[in-house]
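Hi everyone, thanks for making time this morning. Let me put the model up on the screen, and then I'll walk you through a few parts of it.

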Amino acid sequence: MTAINHQEHFDHKIDNDITIEPRDWMPDDYRKTLIRQISQHAHSEVVGMLPEGNWITRAPSLRRKAVLLAKVQDEAGHGLYLYSAAETLGITRDQMYEQLHSGKAKYSSIFNYPTITWADMGAIGWLVDGAAIMNQVPLCRTSYGPYARAMVRVCKEESFHQRQGFEIMMQLCKGTAAQKKMAQDALNRWWWPALMMFGPTDDASPHTARSMRWRIKRFTNDELRQKMVDVTVEQAKVLGLTMPDPDLKWNEARGHYDFGAINWEEFNNVIKGNGPCNKERLNTRRKAWQEGQWVRDAALAYARKQASADGTPA
Ligand SMILES: [Fe+2]
Ligand SMILES: [Fe+2]
């Protein structure tokens, strides 16, 4: 097939919602965009374990500890599915780790904020996993097959994460005045960074149109952000909490909530590496990689031994 036929064949598949699979021809930019997006997503899952990992030893009960542990382990699993999906595009896991550890790769800016109180476990599940669901449910229909299939399972688990977070918030809001205050404080601190998770506004997001055309993206950043606001405001009412946004107002004509301006300077600053925990997060990941060297060495040595016992060349 000529290059033009390849392109036509690819376009036909995209237009008809037929998934693109690893061995299919694809434009270079499609491949590059997906490698970047999927590896960033994988890094976010793995770095995302750290803020909550901070509270596993201090969970208020055995039940809470078991739930939080399961949730954090799920995120490790999400990282693995996603690294595997990215590998099908021709990048190796070592290359992706190298990009993360050298600071070259990005991950979701939200994980550079500290977890100060137990209520942060509630707010993260409710808002951060809640925003992740908004982003990821449409990705179950994304055009690249391995990514779409990984997302189906990820989304089921994210829905458990969101519920466990909301349940923590519910419990705190039904508790003492001090507990309710703790929940409100967590909402105040996590709300705006959670809205930033959807990325820059549509007019400041140059690749959106192309990603929509390739059906990598199904909704724009602003569409998803609006959905998040509309859903979460109602949930905050159930909790009896106040949204930290004086400009928040139902807009009858639009059929949506209007909300205040996002501090994009803060967002850009955190992306650049100057958030409250950027250095700590990266150092923790680097240390984990170094300390895991003996495990990798042992696994390789074992694999070699097995292979030579079979008589197959290592
Ligand atoms: Fe996840
Ligand atoms: Fe999650």
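Let's begin with helix 5, residues 93-101, whose buried residues are Met 96, Tyr 97, Leu 100 and His 101. Helices here are DSSP runs of H or I with at least four residues, numbered from the N terminus, and buried means under 20% relative accessible area, exposed over 50%, with partly exposed in between, using a 1.4 Å probe and protein chains only. Seen down the axis of helix 5, those buried residues fall within an arc of 130°, so they line one face of the helix; the arc is taken from the directions from the helix axis to the C-beta atoms. As a reminder, an α-helix has 3.6 residues a turn, so residues three or four places apart point the same way.

What do the buried residues of helix 5 pack against? Their partners are helix 2, helix 4 and helix 12 (278-291), where contact means heavy atoms within 4.5 Å. On the other side of helix 5, Asp 94 and Glu 98 are exposed. Just after the helix, Gly 103 has a positive phi of about 85°.

A word on the ground rules. This is a predicted model, in which local features need pLDDT of at least 70 and side-chain atom pairs count only at pLDDT 80 or more, while totals for chains, interfaces and linings use all residues. Residues are numbered from 1 along each chain as its sequence is written, chains are lettered from A and ligands numbered from 1 in the order in which they are written, and side-chain values use heavy atoms, leaving out hydrogens and water.

Now the metals. The iron ion (ligand 1) is coordinated by Glu 45 (OE), Glu 75 (OE), His 78 (ND1) and Glu 158 (OE), at 2.0 to 2.2 Å. Donors are N, O and S atoms within 2.8 Å of the metal (3.2 Å for Na, K and Ca), and water is not among the atoms, so sites may look incomplete.

Which residue bridges the two iron ions? That is Glu 75, and the ions lie 3.4 Å apart. Glu 75 counts as buried because its relative accessibility is 4%.

Conventions:
Helices (H or I, at least four residues) and strands (E, at least two) are DSSP runs, numbered from the N terminus.
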